[in-house]
Amino acid sequence: MFEGSWRNECGAEIHLLQYGEAISGTCTPSRAELVAPCRGRILVGSAEGELIGFVTSSSAPGTVTSWTGRLLQAPDLTKPEIYLVYHVVERVTNDLDISRSKEVGSAVFCKYE
C-alpha cells in the first residue's frame with residue numbers, strides 16, 4: 001500500500017519498502033533544506049491499514065525526526081497521497097530536556113512512481 005516513491009511540493013522525497021507492517025526506506029530533503037551534500041537518510045517504521053509511522057535522522061547533527069500519517073486514496077485524487085505530521089527533536093542528555101522540540105509541522109507527499 002505504501003511501497004513506492006513519494007514527493008512533496010517542496011521536492012523532498014521518501015522511498016518506501018513495505019513488508020507486512022514493516023516499513024523501511026530513505027528520506028531525502030528538498031534542496032532548500034539541505035545542510036550537507038544531498039544524501040538520503042534511512043527510515044524505519046510500521047504501517048497498519050492506512051496509517052503509517054516512521055523515524056529518521058535529520059540533516060542537523062544530533063536530531064531525530066518522527067513522522068506519523070494517513071494514506072488518502074480519494075476518488076477525486078489522480079494519485080494516492082500521504083498526509084504526514086512530523087516532530088524534530090534534539091538528542092537529549094536528561095529527561096527534563098525531552099520537551100525541547102526543534103520543529104513541528106506537516107507535509108503532503110504524492111506518489112510519483
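Buried here means under 20% relative accessible area, exposed means over 50%, and partly exposed lies in between, with a 1.4 Å probe and protein chains only.

**Before selecting anything**

This is a predicted model, in which local features need pLDDT of at least 70 and side-chain atom pairs count only at pLDDT 80 or more, while totals for chains, interfaces and linings use all residues. Residues are numbered from 1 along each chain as its sequence is written, and side-chain values use heavy atoms, with hydrogens and water left out.

**The whole chain**

Begin with the protein chain coloured by pLDDT, the predictor's confidence in each residue on a scale from 0 to 100. The mean is 85, and 80% of the residues reach 70 or more. Where pLDDT is low, the predicted coordinates should not be read in detail. Confidence is lowest in β8, at a mean of 87, and highest in β2, at 96.

With the surface displayed, the chain exposes about 7200 Å², of which carbon and sulfur atoms supply 55%; accessible areas come from the Shrake-Rupley method with a 1.4 Å probe, and for residues only the protein chains shown count as cover. Of the 113 residues, 34% count as buried. Among contacts (heavy atoms within 4.5 Å) with a separation of 6 or more, 37% are between residues 24 or more positions apart.

**First selection: R7 and E13**

Select R7 and E13, whose side chains meet in a salt bridge at 2.9 Å, N to O; the term stands for a side-chain nitrogen of Lys or Arg within 4 Å of a carboxyl oxygen of Asp or Glu.

E50 lies in the loop between β4 and β5 (51-57) and R70 in strand β6 (residues 63-72), so the pair ties together parts that are 20 residues apart in sequence. E50 is partly exposed at 37%, and R70 is partly exposed at 43%.

Move to Q18 in strand β2 (residues 13-19), and follow its side chain to the backbone nitrogen of F2, which it reaches at 3.0 Å. This is a polar contact, a pair of N or O atoms within 3.5 Å; within protein, one must be able to donate a hydrogen and the other to accept it, and residues adjacent in sequence count only if both atoms are side-chain atoms. Not counting residues up to four places away in sequence, Q18 touches M1, F2, E3, I23 and A47.

E81 lies in strand β7 and is buried, because its relative accessibility is 13%. A polar contact of 2.7 Å joins its side chain to that of Y83. Beyond neighbours within four places in sequence, E81 is in contact with several residues, including W6, R70 and F109.

A107 is found in strand β8 (residues 101-111) and also counts as buried, at 13% relative accessibility. Show N8, I82, Y83 and L84 around A107, which it touches when residues up to four places away in sequence are not counted.

K79 lies in the loop between β6 and β7 (81-90) and is partly exposed, at 42% relative accessibility. Which residues is K79 in contact with, leaving aside its neighbours within four places in sequence? They are K111 and Y112; K79 and K111 are 32 residues apart in sequence and 6.1 Å apart in space, C-alpha to C-alpha.

Finally, select I42, V44, V55 and V64, which make a nonpolar surface patch of about 340 Å². Patches are made of residues with over 30% relative accessible area and no salt bridge, with like charges joined within 9 Å and nonpolar side chains (Val, Leu, Ile, Met, Phe, Trp, Tyr) within 5 Å. I42 is in strand β4 (residues 41-48) and is exposed, with a relative accessible area of 66%.

Key. Helix = DSSP H or I, 4+ residues; strand = E, 2+ residues; numbered from the N terminus.
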